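Please consult the sequence and the model alongside the text.

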Amino acid sequence: MERTDFNGNLGLKDVGRKVTLLGWVASKRNLGGLLFIDLRDSTGIVGCTVLNPDEVSEIKNEYVVQIQGEIKKKDVPNPKLKTGEIEVIVSSLKVINKAELTPFIIADKTDALEDTRLTYRYLDLRRPCLLENLKRRAKIVKCFHEYFDDNGFLEVETPILNLSSPEGARDYLVPSRTRKGCFYALPQSPQLWKQLLMVGGVERYYQVAKCFRDEDLRADRQPEFTQLDLETSFLDMDQLLSLNEGFLKKAFKEVIGVDIALPLRRMKYWDAMDNYGSDKPDTRYDLLIKDLKEILKESTFNGFKNKEYIKGIVIPNQAKETSRKVLDSLNAEVKKFNLPSLVSLKFENNQLIGSFADKFLTEKEKDNLKETLQLNEDDLLLIASSQYRRDIDFGLGAIRTLYAKKLNLIKPNTYDLLWVVDFPMFDPVEGEEGKYVAEHHPFTRPRDEDLPLLDSKPEEVLAYAYDIIINGYEAGGGTLRIYDHDVQWKVFKLLGLSDEDVKNKFGWFIDAFKYGAPPHGGLAYGLDRLAMIMSGTDNIRDV
């Protein structure tokens with residue numbers, strides 16, 4: 001069909017030109033003598049004015065139309081539109097296709113619930129904000145290709161039909177037609193394949209990879225997702241992180257115009273957990289968790305006795321706002337992390353008050369809390385205790401996140417990037433002495449300085465593992481891989497895998513490491529989550 005321009009590309013440079021445009025009627029306003037039409041296509045909206053409404057066909061919202069006319073400069077610009085300085089004086093309007101009344105408003109601000117939007121996803125995609133999100137996503141992929149092509153990486157497609165492998169979630173299975181009773185597994189990641197590419201001498205691989213995990217939907221997670229996946233040989237962790245920082249800098253600049261200062265900060269796993277209550281800390285605001293064990297270790301409160309960890313968090317200006325109902329909701333939140341309840345104290349008139357303070361705290365303990373926490377008028381102090389470090393950290397971290405949103409502590413349109421490093425190699429199984437599961441996967445490489453601890457204190461071994469955290473989201477992560485045959489088998493044994501288990505699960509993979517595997521490591525970005533962050537939304541289904 002005849003078309004001279006896309007709507008969003010028009011501007012003052014086009015004044016006086018005659019144009020032919022195509023698109024959907026986003027809105028119309030008939031003032032009797034004049035008809036105003038907002039015409040929308042994939043690039044944006046342009047205003048069109050019909051001087052003689054009686055001479056054109058009747059139109060409604062979402063009709064598909066062709067408009068011919070001349071570009072004029074507007075007397076009063078519309079600052080809400082990219083094309084707001086011009087309008088099209090319509091000389092011809094042709095209805096190409098009609099549309100029924102849509103089930104919701106097709107605009108950035110819509111009245112539809114998410115279920116309705118997803119049912120009519122094809123209409124939802126007409127909304128300019130979602131269309132922009134898709135373009136932003138495509139730009140991220142373009143940057144990924146360009147950057148890693150320029151750095152000598154080779155794009156390789158790995159198989160979709162796989163053997164099942166332990167990745168931390170359930171597999172989606174596909175029945176085999178040729179082998180009755182047997183199934184393929186859809187890949188949770190290209191992990192094993194890309195390591196074999198390194199053994200095969202590819203050295204630098206990347207791929208935009210479809211992955212599948214049978215797990216529940218969340219705002220930032222879904223069963224089918226896309227990874228920006230890479231693997232490389234002969235780079236240590238510092239080199240690999242530096243290489244990826246270059247990609248992040250390029251992507252943020254070219255996709256959303258944000259300059260990222262390099263090098264990025266690095267935070268140790270336990271520093272993140274102990275201070276922020278998360279292995280993906282949002283450091284755009286404070287509300288840090290504080291260790292109170294030393295102050296309260298002699299407390300007569302039964303809830304603190306014999307507890308390995310006692311920690312607290314101070315919420316400013318919330319003492320007077322905190323009722324019994326609020327405390328009940330906070331306790332319900334921490335119970336999700338195996339914490340029985342929170343102790344709450346209020347700081348008013350330069351002292352800690354409340355029945356707990358009167359009954360269980362000595363004057364010395366009160367003074368130490370006041371001095372250590374630098375308490376101010378109307379501060380709310382919440383304290384938890386636990387035998388388990390992760391339970392108390394995650395529980396207070398959830399409270400921290402809750403209040404950050406409630407108190408609007410996060411500045412909009414800001415981006416905070418950092419690496420979390422030095423993850424534990426193993427996670428001890430609670431209640432089962434000497435049993436461990438892999439924190440990441442069985443092929444994660446222990447730090448060289450921690451290799452002796454594999455024989456004596458496995459729980460203290462740290463790994464060459466790293467996550468890229470952006471605004472409190474894990475946008476990607478990876479590890480250096482074990483390439484030494486003896487170390488790999490030692491890790492298998494610590495994970496309780498017998499020779500038979502290893503042969504059945506990984507035999508085809510492990511055999512390759514007999515033939516000169518290079519030191520290698522990799523990383524995968526979640527494209528959906530990266531696009532979500534750059535688009536300023538908190539729902540992965542918006543991208």
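## Strand β13 and its partners

In this predicted model, Lys-290 stands opposite Gly-312 in β13. The pairing to which β12 (residues 289-291) and β13 belong is antiparallel and extends over three bridges. Strand β13 itself spans residues 309-315, and six of its seven residues are buried.

Strand β13 is also joined to strand β16 (residues 379-386), by seven bridges and again in the antiparallel sense. In this pairing, Ile-315 is found opposite Leu-380 of β16.

## Helix α6

Helix α6 (residues 269-276) lies across β11 and β17, and its direction is at about 80 degrees to β11. Tyr-269, Ala-272, Met-273, Asp-274 and Tyr-276 are the buried residues of α6. They pack against β11, β12, β13, β17 and the helix α11 (389-406).

After α6 comes Gly-277, which has a positive phi, near 70 degrees.

## The eight-stranded sheet

An open sheet is formed by eight strands in the order β6-β9-β10-β22-β21-β20-β17-β11, with mixed pairing. Its edge strands are β6 (154-155) and β11 (265-268), each of which pairs on one side only. Strand β6 runs parallel to β9 (residues 204-212), to which two bridges join it. Leu-154 is positioned opposite Tyr-205 of β9.

Helix α5 (residues 237-256) lies across several strands, among them β10 (224-233), β20 (465-470), β21 (473-480) and β22 (520-526). It also lies across β11 and β17 (417-421), running at about 155 degrees to β17.

## Nonpolar cores

Which residues of the largest nonpolar core touch the most other members? Of its 41 residues, these are Phe-148, Leu-228, Leu-230, Phe-247, Tyr-466 and Tyr-525. At least two residues of this core are supplied by each of α3 (128-150), β10, α5, β17, β20, β21, β22 and α15 (527-534). The largest share, nine residues, comes from α5.

Leaving aside neighbours within four places in sequence, Phe-247 is in contact with Ile-140, Cys-143, Phe-144, Tyr-147, Phe-148, Leu-228 and Tyr-525. There is also a second, separate core of 33 residues, which includes Val-420, Val-461, Ala-463 and Leu-497.

## Helix α13

Within helix α13 (residues 485-494), the residues Val-487, Gln-488, Val-491, Phe-492 and Leu-494 are buried. These residues lie on the same side of α13 because they cover an arc of only 165 degrees around the axis. An α-helix has 3.6 residues a turn, so residues three or four places apart point the same way. The elements that cover the buried residues of α13 include the strands β18 (426-428) and β19 (436-438), together with the helices α12 (453-456) and α14 (499-510).

What lies at the two ends of this helix? At the start of α13, a side-chain oxygen of Asp-484 reaches to within 3.0 Å of the backbone nitrogen of Asp-486. Following α13 is Gly-496, whose phi is positive, near 75 degrees.

Notes
Residues are numbered from 1 along each chain as its sequence is written. Side-chain values use heavy atoms; hydrogens and water are left out. Buried means under 20% relative accessible area, exposed over 50%, partly exposed in between (1.4 Å probe, protein chains only). Helices (H or I, at least four residues) and strands (E, at least two) are DSSP runs, numbered from the N terminus. The arc is that of the directions from the helix axis to the C-beta atoms. Contact means heavy atoms within 4.5 Å. A polar contact is a pair of N or O atoms within 3.5 Å; within protein, one must be able to donate a hydrogen and the other to accept it, and residues adjacent in sequence count only if both atoms are side-chain atoms. Two strands pair if DSSP finds at least two bridges between them. Axes are lines fitted to C-alpha atoms, for helices over the stretch in contact, and angles run from 0 to 180 degrees between N-to-C directions. A nonpolar core is a set of buried Ala, Val, Leu, Ile, Met, Phe, Trp, Tyr and Cys residues joined through side-chain atoms within 4.5 Å.
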